Amino acid sequence: MRILVAEDDASLAKFLRKGLETENYAVDVVGDGEEAQALGERYDFDLLVLDVNLPSRNGFDVLAHLRKKKPDLPVLLLTAQGRVEDRVRGLDLGADDYIVKPFSFSELCARIRALLRRGQRAADSTLKVDSLELNRIERSVQRAGKAIELTPKEFALLEYLMLNQSRRVTRAMIIEHVWNLSFDTSTNVVDVYINYLRSKVDEGFEPKLIRTIRGVGYQMGPPPDSAAAAGE
Amino acid sequence: MSPAPPTLRQACHDLSQPLTAARGSLELALRLDSHDPDRAEFLTDAVAALDRMAAMIERFRATLASPLQHEQ
């Protein structure tokens, strides 16, 4: 899951990034309204956390603009303005929820989870590839009925691969969705994490589901011959 | 001329930023084991945010030669 955070207060932005990363999300942070609008329009985020008081363009303007371009993008407003008229304005402009500063991080996470749940059809909450199952709500993984413990980053990587099952995904695509836009794409971190995942979800099981596509990247799914055999 | 004192609304708004950061950083720190290096970083961030709050409160106090402006 990929979240864009638009917050101009540096310390708040830092804690939001680190906190949400510990919750398995890939997080991009911007500090002004123009940038929030540009990134929100250009990339596919699963959710936008939007501060109302942003430099260059305030959150209400960003929201109004993005709502026209991305009607399905869940938006959670962060506001220090507890006035009823401000909350009404935000919701009328298309925000899905708001939270007033100072807020508890646990409450923020609960609201994010609720918004993401609302956006997912029930069928999408569980991803399945062969005997591997990932529950996006409970954030659990099992293969052939056996529970598998994953770190937050491993979970996010597996979720992205399973969402794109049978499609080839490049390392750049993985980095963009699982890490963030500013991540150094020249590192081998994707390969390292793929190895971690393989040792947890493929080792001791057949068929192997995480396949390397030479010169491209990776693909999730049983090898073509095993899929054909299973269909016979 | 001394700067105009902040309105109560502005003072509350300004304080809510570091208060959220301090509270959130402490929440995150409490989730971690005591030897997790991230815990020390979250605690450091929380203290920095509290220092910012203290500095803000000091600034507000300094402007309180006249009472805080109450918004109409």
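In which sense do strand β1 (residues 2–6) of chain A and β2(A) pair, and over how many bridges? They pair in the parallel sense, over 5 bridges; strands count as paired if DSSP finds at least two bridges between them. Within this pair, A:V5 stands opposite A:V29 in β2(A).

The model is predicted: local features need pLDDT of at least 70, side-chain atom pairs count only at pLDDT 80 or more, and totals for chains, interfaces and linings use all residues. Residues are numbered from 1 along each chain as its sequence is written, while chains are lettered from A and ligands numbered from 1 in the order in which they are written.

Chain A holds an open sheet of 5 strands with parallel pairing, in the order β2-β1-β3-β4-β5. Its edge strands, each pairing on one side only, are tabulated here.

| Edge strand | Residues |
|---|---|
| β2 (chain A) | 26–30 |
| β5 (chain A) | 97–100 |

Helices (H or I, at least four residues) and strands (E, at least two) are DSSP runs, numbered from the N terminus. On average, neighbouring strands of the sheet are turned by 20° against each other, direction ignored. α1(A) packs on the sheet, touching β1, β2 and β3 (47–51) of chain A, and its direction makes about 170° with that of β2(A). Axes are lines fitted to C-alpha atoms, for helices over the stretch in contact, and angles run from 0 to 180 degrees between N-to-C directions.

Between the chains, 15 residues of chain A are in contact with 15 residues of chain B, contact meaning C-beta atoms, placed from the backbone, within 7 Å. On the chain A side, α1 (10–22) and α5 (105–119) each supply at least two residues, and α1(A) gives the largest share, 7 residues.

Technical notes
Two residues are in contact if their C-beta atoms, placed from the backbone, lie within 7 Å.
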